[in-house]
Amino acid sequence: AISSTWGRDDPELGWVGRLGVLRPYRGRGLGEALLRHSFYMLQQRGYNRAALGVRAEKEAPVQLYQRAGMEIYQHFMHYRKMLQGDESVES
């Protein structure tokens, strides 16, 4: 688990940037223990809120975060386009 500050725009928000458990050790409660420890460490550093990002189609992590008391507060949409060799810039 790797946590940090969100940034100057919200100094009371701690960010759980990475949280992972190796596949052979999943399903043993380690992810939830790491997440709760991250919350504790962020709180000890003076943060009063914690957040993280997750791909919504990954059901297991979403359930983990909800079990730990987290709730969805924002959705993002990402756009992409395949670039072809003949793309041109018009002035």
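Author: Serine 38 is buried, with a relative accessible area of 6% (buried means under 20%, using a 1.4 Å probe and protein chains only). The model is predicted, so local features need pLDDT of at least 70 and side-chain atom pairs pLDDT 80 or more, while totals for chains, interfaces and linings use all residues. Residues are numbered from 1 along each chain as its sequence is written, and side-chain values use heavy atoms, without hydrogens or water.

Serine 38 belongs to helix α1 (a DSSP run of H or I, at least four residues; strands are runs of E, at least two). Leaving aside residues up to four places away in sequence, Serine 38 touches Ala1, Ser3 and Val16, contact being heavy atoms within 4.5 Å.

Helix α1 (30–44), together with β2 and α2, supplies at least two residues each to the lining of the second largest pocket. This pocket has a volume of about 680 Å³. Of its 25 lining residues, Leu19, Gly20, Pro61, Leu64 and Tyr65 lie nearest the centre. Helix α2 contributes the largest share of this lining, five residues.

The largest pocket holds about 950 Å³ of space. It is lined by 28 residues, and those closest to its centre are Leu52, Gly53, Val54, Ile72 and Gln74. Strands β2 (13–18) and β3 (49–51) and helix α2 (59–67) each give two or more residues to that lining.

A pocket is an open set of points on a 1 Å grid where a 1.4 Å probe fits, with protein on both sides within 12 Å along at least five of seven lines; lining residues have an atom within 4 Å of a point. Volume is the space filled by probe spheres set on the points.

Key
Buried < 20%, exposed > 50% of the residue type's maximum accessible area, 1.4 Å probe, protein only.
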